[in-house]
Amino acid sequence: MPYNIQGYCEIRSEVHVHNDLPQNTPQLEVHCASRDYELGYRHPEIGTEYSWSFCPNPSTLFFCHFWWNGNDLVFDVDNKMEGCVYDKDYGSIPEDTIDCHWQVKADVYSINFLKMVHLVVKLLVLLFIMPYNIQGFCEEKHEVHVHNDLPQNTPQLEVHCASGDDDLGYRYPGVGTEFNWSFCPTFSTLYFCHFWWNGKNLAFDVFNNTDACVCNRGRGFIPYGTTHCHWQVKDDGFYIGYFNQNAGQVIYNKYLDW
């Protein structure tokens with residue numbers, strides 16, 4: 001039976017995460033949450049499922065972070081009252097679906113629905129590349145890293161990063177972890193991120209300069225030629241950094257307050 005998050009409501013929704021990975025493979029780890037509910041870290045065995053039910057409303061959004069075999073991926077598993085997710089590229093889930101089933105396999109995540117029939121549809125091919133590779137081959141790729149260095153036991157950090165061409169979706173890196181991506185830059189490349197945490201929110205460019213991460217208004221902190229841009233999120237604001245070969249670590253400098 002699905003774990004009951006809330007009490008009685010007229011119509012309940014359910015999300016089921018099925019572990020259909022091959023036998024004798026590494027343990028699957030799943031962390032699901034919403035803005036209001038932290039469902040914790042789960043480790044469903046192969047051939048079993050982890051599920052929960054809840055009273056949906058138009059703003060309900062549940063995401064899951066999956067780890068398996070050295071790979072990880074985060075995405076929304078329920079963000080629509082009737083139809084599981086806004087799947088504009090697939091259109092496979094009927095509008096009146098309220099039981100949403102996610103199948104985790106070695107090559108794909110699949111979504112299926114429970115109605116009159118049981119249908120499995122490939123929804124998202126896993127590209128387990130660290131960092132997430134937006135574009136294909138180029139002579140010199142750039143990277144942006146967003147590090148969650150907020151205090152332990154604080155509200156969930158939410159991050160939405162995008163450019164004019166690529167929407168990286170909503171991400172929820174845990175404390176002590178990071179979200180990152182790589183790309184082939186041009187002189188017009190610009191990525192921004194919108195951050196939400198503890199009732200605060202802020203949006204700004206995290207990359208707009210191919211040689212120094214951002215045009216940082218005369219701060220002059222990032223060395224010319226830097227291709228790996230590091231952003232550190234802390235409770236007092238945002239820090240920009242680069243990897244210093246001599247120090248053997250990322251060196252940060254305060255950039256913005258919340």
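**Reading contacts, burial and a pocket**

Modeller: Let us start with His160, which sits in strand β13 (residues 158–162), where helices (H or I, at least four residues) and strands (E, at least two) are DSSP runs numbered from the N terminus. This is a predicted model, in which local features need pLDDT of at least 70 and side-chain atom pairs count only at pLDDT 80 or more, while totals for chains, interfaces and linings use all residues. Residues are numbered from 1 along each chain as its sequence is written, and side-chain values use heavy atoms, with hydrogens and water left out.

Colleague: Is His160 buried or exposed?

Modeller: We call a residue buried under 20% relative accessible area, exposed over 50% and partly exposed in between (1.4 Å probe, protein chains only). His160 has a relative accessible area of 12%, so it is buried.

Colleague: Which side chain does the side chain of His160 contact?

Modeller: A polar contact is a pair of N or O atoms within 3.5 Å; within protein, one must be able to donate a hydrogen and the other to accept it, and residues adjacent in sequence count only if both atoms are side-chain atoms. For His160, the partner is the side chain of Asp167, at 2.9 Å.

Colleague: Which side chains have a polar contact with that of Glu143?

Modeller: Glu143 belongs to strand β12 (residues 142–148), and its side chain has a polar contact of 2.7 Å with that of His145 and another of 3.4 Å with that of His228. Glu143 is buried and yet has no salt bridge, the nearest side chain of opposite charge being Lys141, 8.5 Å away; in this count Lys and Arg are positive and Asp and Glu negative, while His and the chain ends are not counted.

Colleague: How many salt bridges are there?

Modeller: Side chains of opposite charge can pair when their charged atoms come close. With a salt bridge taken as a side-chain nitrogen of Lys or Arg within 4 Å of a carboxyl oxygen of Asp or Glu, the count is 2. One of them joins Asp236 to Lys254, at 3.8 Å from N to O, and this pair links distant parts of the chain, 18 residues apart, with Asp236 in the loop between β18 (228–234) and β19 (237–244) and Lys254 in strand β20 (residues 249–256).

Colleague: Where are Asn24 and Cys213 found?

Modeller: Asn24 is in the loop between β2 (13–19) and β3, and Cys213 is in the loop between β17 (200–207) and β18. Neither is glycine, yet phi is positive in each, near 60 degrees for Asn24 and near 70 degrees for Cys213. Asn24 is exposed, with a relative accessible area of 79%, whereas Cys213 is buried, at 0%.

Colleague: How many residues line the second largest pocket?

Modeller: A pocket, on a 1 Å grid over the protein atoms alone, is an open set of points where a 1.4 Å probe fits, with protein on both sides within 12 Å along at least five of seven lines, and lining residues have an atom within 4 Å of a point. The second largest pocket is lined by 29 residues, of which Ser34, Thr154, Pro155, Gln156 and Leu157 lie nearest its centre. Two or more lining residues come from each of β3 (29–33), β4 (38–42) and β16 (191–197).
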